[in-house]
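Here is a short walk through one model, section by section. Please keep the sequence and the coordinates open as you read.

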Amino acid sequence: MKSLTILRHAKSGWDAAVERDFDRPINARGARGAELIGQYAKRQAWPIDRIVASPAVRVAETLAIFQPAAGLDRIEPHWDRRIYLASAATLIDVLRDTGGDAEHLLISGHNPGLEDLILMLVPEAPDDAQRALVEEKFPTCALARLDLDIADWSDLDVNQARLAALIRPRDLDPALAPAMDDD
């Protein structure tokens with residue numbers, strides 16, 4: 001049995017003066033969300049053996065806040081450029097390649113790839129309220145925990161996971177719910 005924790009980067013600043021999307025930082029709301037989600041992860045005491053992440057600035061900044069809050073600052077992320085704006089199929093390849101001997105893997109990156117990854121790995125079920133929420137939107141700084149009945153990450157395939165948990169910043173602080181902006 002393996003577990004996969006999926007963390008979308010925190011809310012970023014569209015008004016930041018950067019030349020490339022890759023360099024866009026998180027904003028104050030994003031920093032607050034990353035801290036709250038990290039604290040939530042720590043309370044859950046979910047083990048994490050390895051972190052693989054997009055090297056984009058907004059992901060690095062999210063992890064710089066999330067990891068200490070979650071008690072995971074001892075883990076050095078493996079930065080993988082393939083994760084930046086990747087499709088779900090590419091993300092599955094990344095997980096197969098970098099999972100190694102980790103029992104509990106965390107991946108951090110971007111939408112729509114992460115949202116699509118969850119929907120590819122977790123089979124549809126009419127009574128799965130958490131999956132239905134992901135179908136609506138996997139918002140910034142959302143955290144999902146998937147259980148996988150596989151022996152090795154190289155065995156990862158579609159429809160193999162169970163969505164064990166889903167938490168969004170707005171679930172922890174209603175002030176972090178999207179207003180008129182695109183979350």
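The peptide bond between N111 and P112 is cis, with omega at about 5°. In general, most peptide bonds are trans, and most residues other than glycine have a negative phi.

A word on the basis of this report: the model is predicted, so local features need pLDDT of at least 70 and side-chain atom pairs count only at pLDDT 80 or more, while totals for chains, interfaces and linings use all residues. Residues are numbered from 1 along each chain as its sequence is written, and side-chain values use heavy atoms, with hydrogens and water left out.

## Two loop residues with positive phi

L85, in the loop between β3 and α3 (88–98), has a phi near 55°, a positive value in a residue other than glycine. With a relative accessibility of 46%, L85 counts as partly exposed; buried means under 20% relative accessible area, exposed over 50%, and partly exposed in between, using a 1.4 Å probe and protein chains only.

C141 belongs to the loop between α5 (129–136) and β5. Its phi is near 65°, again a positive value in a residue other than glycine. Is C141 buried or exposed? The relative accessible area of C141 is 2%, so this residue is buried.

## The overall fold

Six helices and six strands make up the secondary structure of the protein chain. Along the sequence they follow the pattern β-α-β-α-β-α-β-α-α-β-β-α. The radius of gyration is 15 Å, close to the 16 Å that the globule rule gives for 183 residues, so the chain is as compact as a globular protein of that length. That radius is taken over C-alpha atoms, and the globule rule is 2.2 Å times the number of residues to the power 0.38. Along the principal axes, the C-alpha atoms fill a box of roughly 45 × 35 × 30 Å.

Of the 183 residues, 51% are buried. Among contacts with a separation of 6 or more, 76% are between residues 24 or more positions apart, where contact means heavy atoms within 4.5 Å. The accessible surface comes to about 8,300 Å², and carbon and sulfur atoms contribute 50% of it; these areas come from the Shrake-Rupley method with a 1.4 Å probe, and for residues only the protein chains shown count as cover.

Strand β1 (residues 2–8) pairs with β5 in the antiparallel sense over six bridges, with L4 opposite L146 in β5.

On to the partner strand: β5 (residues 143–148) and β6 pair in the antiparallel sense over six bridges. D147 stands opposite R162 in β6, and the bridge partner of R145 in β6 is A165. Strand β6 (residues 161–167) is mostly covered, with five of its seven residues buried.

## A69 in helix α2

Helix α2 (residues 57–70) contains A69. This alanine counts as buried because its relative accessibility is 14%. Which residues does A69 touch, not counting those up to four places away in sequence? They are E35, G38, Q39 and K42. Between A69 and G38, which are 31 residues apart along the chain, the C-alpha separation is 4.7 Å.

Note on methods: Helix = DSSP H or I, 4+ residues; strand = E, 2+ residues; numbered from the N terminus. Pairing = 2+ DSSP bridges.
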